[in-house]
Every structure is written in C-alpha cells, then in structure tokens.
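Have a look first, then read on.

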Amino acid sequence: MRAKFTTRWSPILFVLPALAFYLVFVFGSLVNTFRLSLYEWDGANPVMNFVGFGNYATLFQDPLMWQSLYHNIIWILVTVFVPTSFALILAVLLSTDGLKCVPLFRVTFFMPSIVSMVVVSIVWGWIFNPQYGILNQLLDFLNLSALKRPWLGHPDTVLGALLTAGSWTHYGFCMVIFMASLQGIDKTYFEVAMIDGANAIQKLVYVTVPLLQNTITLLVLNSMIGSFKVFDIIWASTRGGPYHSSEVVSTYLYNKAFYMNETGSGAAIAMTLAVIIAICSAVYFKIAERE
C-alpha cells in the first residue's frame with residue numbers, strides 16, 4: 001500500500017515546488033494585473049474607480065496602441081527570419097569538416113548574445129551617431145554622403161536602425177542551438193544526398209532544413225515571444241521616439257503606467273499583450289504540428 005502511494009504521489013511532490021512558485025509569482029501576478037485593468041487608478045491614490053472593461057474599450061480606440069502593435073509585427077517579421085536564417089547558414093558553415101579555428105568563430109559570433117542590451121544600445125548609438133558615428137563616416141569615405149542620416153533621430157530610419165541592432169544580438173543564440181541540433185543528425189543523410197549529386201545548397205534545403213524542423217519551430221516561437229516583449233533596447237535607445245515612430249507595445253505600456261500614471265490602462269495593455277502572445281503561440285504550434 002505504501003509503495004503504491006509513493007509511486008502515485010511522488011511525481012506530484014517533485015513538481016509541487018515549481019508549481020507553487022508558478023502559481024504565486026506568475027499566475028497570481030496575472031490575476032492581479034487583470035484586476036487592476038478593471039479600475040481607473042493612478043498607482044498612488046487610495047481610491048480606485050471601478051470602470052469594468054472601460055480601459056479595454058478605450059485602448060482599442062487608441063491609435064497609438066495600434067501603431068505600437070504594428071511596430072511589434074514589423075519587429076517580429078525581421079527579428080524572427082533574419083537572425084534565424086543567418087544563424088542557420090553560420091551553423092552549417094561552422095559544422096563543416098576540416099574547418100580551422102571553429103571554437104574562435106563560435107565564441108566571436110556568440111558574443112553579441114551575452115552582452116547587456118543597455119550596452120548594445122549605447123554601442124549602436126555611437127555607431128548611428130549623426131556627427132561622429134562610424135556609419136556616417138564610412139558613407140563619407142565611400143563618397144555616399146547623400147545617404148547620411150540621423151539614424152536614431154528620424155522617424156523614417158529609427159525603426160530600421162533598431163531592428164539592425166536587435167537582430168545582431170539574437171543570431172548568436174540561434175547559431176548555437178542550430179549547431180547543437182546539427183550534431184545529432186546522422187551524416188548518412190548527407191552522404192546519400194552527395195551520392196545522388198546534391199550540391200551544398202540542395203543539401204541545405206532538402207536535407208538540413210527538414211531535419212531541423214523542430215529546432216526551427218522552437219527558435220521561431222522563442223523569437224516571436226521575445227519580439228512581442230521587446231523593451232530594453234528600444235527604451236535605452238529612443239524611449240519610443242521620435243514622435244512614437246519606434247514605439248512598441250511594451251514601451252507604450254511603460255509610458256502609460258509609470259509616466260502618465262494611468263496604471264489601469266497600463267494593466268489593460270499588459271493583459272492584451274499576454275492574450276496576443278498566447279493566441280499567436282497556440283496558432284503557430286498548431287501550424288507547426290500539422291506540417
């Protein structure tokens with residue numbers, strides 16, 4: 001009887017600490033955020049005015065919210081596909097037999113992933129500086145002065161500049177995951193493809209990519225969720241400016257809750273963002289499983 005009890009309940013006992021942590025700090029915070037989203041509150045006043053779903057109704061009529069969400073979608077499209085594709089190519093090249101100095105290349109390419117995003121913002125801010133930045137100096141050197149821009153100070157270029165910096169920080173992580181997955185692929189597949197006359201590009205498209213489908217699914221989902229939550233690099237660089245041209249949902253949430261003192265509206269934005277991430281993740285998983 002005791003052995004049966006131990007067999008039945010021991011897995012639950014192992015899971016219980018993590019489950020308790022999740023319920024208190026994740027699920028509890030989510031419930032409290034939803035509760036705050038139903039009130040009109042400045043974050044300090046002891047009086048909280050209950051408005052129901054009024055914050056959500058106002059939010060869906062806010063053009064800045066839709067603009068921020070549009071910027072998030074652009075961020076997703078770029079930072080999901082560009083770093084992932086580049087990382088896959090690097091991983092395949094660094095996994096080639098006979099290549100020298102592979103550990104050095106691995107460390108060099110992975111370094112941007114471990115640097116603080118605030119440091120990344122500062123470094124790329126120097127690169128994009130309109131007066132002494134290396135990018136504009138390089139354009140001068142190449143006699144392309146007409147292309148010089150205040151990259152982080154103009155509405156037409158700020159989002160592209162931030163996307164460049166954001167993609168630069170993410171490809172190293174994707175590369176390491178791809179390299180780990182490539183080590184688990186039986187080389188017989190590549191030998192058979194070589195016998196059939198496949199070149200390097202055909203082996204990449206018809207052998208490597210299909211065998212890495214689960215890894216690609218993981219990386220795309222991770223990048224998608226991270227792109228929805230992107231905050232630090234944008235806040236440290238532009239704070240959503242100029243004129244909200246680099247505003248994303250997370251920075252708009254922060255502005256609403258802590259600068260405009262509209263805590264209820266900020267909580268509504270947070271809940272909306274959580275629902276969007278959950279829906280996109282579920283849809284992507286469904287599509288990936290079907291394929």
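What follows covers pockets, salt bridges, nonpolar cores and one serine.

This is a predicted model, so to speak of local features takes pLDDT of at least 70, side-chain atom pairs count only at pLDDT 80 or more, and totals for chains, interfaces and linings use all residues. Residues are numbered from 1 along each chain as its sequence is written, and side-chain values use heavy atoms, with hydrogens and water left out.

**Pockets**

- A pocket here is an open set of points on a 1 Å grid over the protein atoms alone, where a 1.4 Å probe fits and protein lies on both sides within 12 Å along at least five of seven lines; lining residues have an atom within 4 Å of a point.
- The largest pocket comes out at about 650 Å³, where volume is the space filled by probe spheres set on the points, joined across faces, edges and corners.
- Its lining has 19 residues, and Val92, Ser95, Thr96, Asp97 and Phe190 sit nearest the centre.
- Two or more lining residues come from each of α3 (63-94), α7 (158-182), α8 (188-195) and α9 (200-211), with helices being DSSP runs (H or I, at least four residues) numbered from the N terminus.
- The top contributor to the lining of the largest pocket is α9, with 4 residues.
- By type, the lining of the largest pocket splits into 10 nonpolar, 4 polar and 5 charged residues; Ala, Val, Leu, Ile, Met, Phe, Trp, Tyr, Cys and Pro count as nonpolar, Asp, Glu, Lys and Arg as charged, and the others, Gly among them, as polar.
- The second largest pocket has a volume of about 380 Å³.
- Its lining takes in 18 residues, and the closest to the centre are Met117, Thr169, His170, Gly226 and Val230.
- For the second largest pocket, α3, α4 (102-114), α7, α10 (213-228) and α11 (232-237) each supply at least two lining residues, and α10 gives the most, with 4.
- The lining of the second largest pocket divides into 7 nonpolar, 9 polar and 2 charged residues.

**Salt bridges**

- Searching the whole structure turns up 2 salt bridges, each meaning a side-chain nitrogen of Lys or Arg within 4 Å of a carboxyl oxygen of Asp or Glu.
- Asp140 pairs with Lys148 at 3.1 Å, N to O.
- Asp140 is partly exposed at 32% relative accessibility, and Lys148 is partly exposed at 30%; the cut-offs are under 20% relative accessible area for buried, over 50% for exposed and partly exposed in between (1.4 Å probe, protein chains only).
- Lys256 pairs with Glu262 at 2.9 Å, N to O; Lys256 is buried at 12%, whereas Glu262 is partly exposed at 29%.

**Nonpolar cores**

- A nonpolar core is a set of buried Ala, Val, Leu, Ile, Met, Phe, Trp, Tyr and Cys residues joined through side-chain atoms within 4.5 Å.
- The largest one has 19 residues, and Met65, Met224, Phe228, Val249 and Ile269 touch the most other members.
- At least two residues of this core come from each of α2 (54-60), α3, α10, α12 (249-259) and α13 (263-290), and α13 gives the most, with 5.
- Beyond its neighbours within four places in sequence, Met65 contacts Leu59, Val249, Tyr252, Ile269 and Thr272, contact meaning heavy atoms within 4.5 Å.
- A second, separate core of 16 residues includes Val120, Trp124, Phe128 and Leu139.

**Ser265**

- Ser265 lies in helix α13 and counts as buried, at 17% relative accessibility.
- Not counting residues up to four places away in sequence, Ser265 touches Asn55 and Lys256.
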